[in-house]
Amino acid sequence: MNNMVRYDLPRSLPVISKKKENVKTATLEFHLHEFIATIPGQFFMLWLPNDDEIPISISKRQKKHLFFTICDLGQTSRNMINIDPGTLIGLRGPFGNGFRLTKKKTALIIGGGMGMAPLRYLLSEICLKRDKNVVLIYGAKTDNEILFKKELEKLPLNQLIYCTEDGSEGYTGYPTDRMNDVLANHPFDQSTIEIYACGPELMLKNVLEISKLYDLIPVTQINLADRYIKCGFGICGSCILDANGLSICRDGPVFRGDILVKVTDFGFFGRNKNGSKYIFESKSH
Ligand SMILES: Cc1cc2nc3c(=O)[nH]c(=O)nc-3n(C[C@H](O)[C@H](O)[C@H](O)COP(=O)(O)OP(=O)(O)OC[C@H]3O[C@@H](n4cnc5c(N)ncnc54)[C@H](O)[C@@H]3O)c2cc1C
Ligand code: FES
């Protein structure tokens, strides 16, 4: 990890602003007291007093200002997006590794649902230099769940491909269908492309399978942001992956494809709060 400073204990900070992104998602802004180095893909634990603490990726940063985009997926996330500016939240982090930026000519970015939150920060870093071909494929259930639409449309992207499950915006279907089309139509190899993905784990499993078809597994970076996190720094064992014992919070949440292909539970099952297994929904992504 490349951070010089990290909040190991919750640092109580007021929410500076709240922006509603859609009916079930909001972005909270915080102003850190000191400069903390972060990289896209890293996350913080956000603690709502008298409620719970949950892992949330950095979705944007501007100097000492950090932004977190939170989707209502349960009690704590719902309570967090309903708070008012000025409310104190405890922040621990940043945790985990992040996406590795490379000098490859093309960046192919695949996002699904809330996976767009960490990818938004990644995109802003990649687009800063304007020296790459950037292709973004972004899938959501329906058009009103597409996040950051205006912002994405202002970025210098070579291609912005939307997919929705109900066909209300862009292609009907999953982003992995379009990923296959993009790779089938261009002669990319490991020296010319880097692939970045974040979204539901079944989608990520398909991303890795498609990368394999085109011999691109070593240049595929996958952000696993769909697992249970407790301590955030590798001591409690809640987020350990079978069968190689890597932890998502310390060794991830971003993993290279050649590491993930050895993870036997990837795309098959995760673990609940009490450590018991749950099977990922078996629908195509
Ligand atoms: C590394 C990482 C980064 C994430 N980044 C974001 C983000 O930027 N924006 C966002 O909206 N969501 C993000 N999530 C998911 C988010 O942490 C969960 O949706 C949230 O914790 C739900 O909590 P809840 O109490 O509201 O829901 P609950 O009702 O408790 O659970 C709803 C779902 O969230 C999962 N969940 C609950 N608690 C945790 C936890 N401590 N760790 C992980 N999953 C949990 C449950 O397994 C369940 O599937 C991230 C998860 C991880 C692991
Ligand atoms: S959350 Fe404790 S080891 Fe990862």
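Biologist: What share of the 285 residues in the protein is buried?

Modeller: Buried residues make up 42% of the 285. A residue counts as buried if 20 or more other C-beta atoms, placed from the backbone, lie within 10 Å of its own. This is a predicted model, in which local features need pLDDT of at least 70 and side-chain atom pairs count only at pLDDT 80 or more, while totals for chains, interfaces and linings use all residues. Residues are numbered from 1 along each chain as its sequence is written, and chains are lettered from A and ligands numbered from 1 in the order in which they are written.

Biologist: How many helices and strands does the protein have?

Modeller: There are six helices and 17 strands. Helices (H or I, at least four residues) and strands (E, at least two) are DSSP runs, numbered from the N terminus.

Biologist: And the domains, which residues do they cover?

Modeller: The domain assignment, which is automatic or from a database, gives domain 1 as 7-95 and domain 2 as 106-279. Their C-alpha centres are 21 Å apart.

Biologist: How many residues does each domain put into the contact?

Modeller: Domain 1 puts in 18 residues and domain 2 puts in 19. Two residues are in contact if their C-beta atoms, placed from the backbone, lie within 7 Å.

Biologist: Which elements of domain 1 give two or more residues to that side?

Modeller: They are β2 (17-22), β4 (43-47), β5, β6 (60-62), β7 and β8 (88-95). The largest share, three residues, is from β8. By class, this side of domain 1 has seven nonpolar, seven polar and four charged residues. Ala, Val, Leu, Ile, Met, Phe, Trp, Tyr, Cys and Pro count as nonpolar, Asp, Glu, Lys and Arg as charged, and the others, Gly among them, as polar.

Biologist: New topic. Where does ligand 1 lie?

Modeller: Ligand 1 lies between domain 1 and domain 2, because both give residues to the shell around it.

Biologist: Which residues come nearest to ligand 1?

Modeller: Of the 21 residues around ligand 1, the nearest are Ile54, Gly74, Thr76, Ser77 and Ala225. A residue is near a molecule if its C-beta atom, placed from the backbone, lies within 6 Å of it.

Biologist: Which element gives the most to that shell?

Modeller: That is β5, with four residues. At least two residues each come from β5 (53-57), β7 (65-71) and α1 (75-81).

Biologist: What is the shell made of, by class?

Modeller: The shell around ligand 1 has 13 nonpolar, six polar and two charged residues.

Key:
A residue is buried if 20 or more other C-beta atoms lie within 10 Å of its own, exposed if 12 or fewer, and partly exposed in between; C-beta atoms are placed from the backbone.
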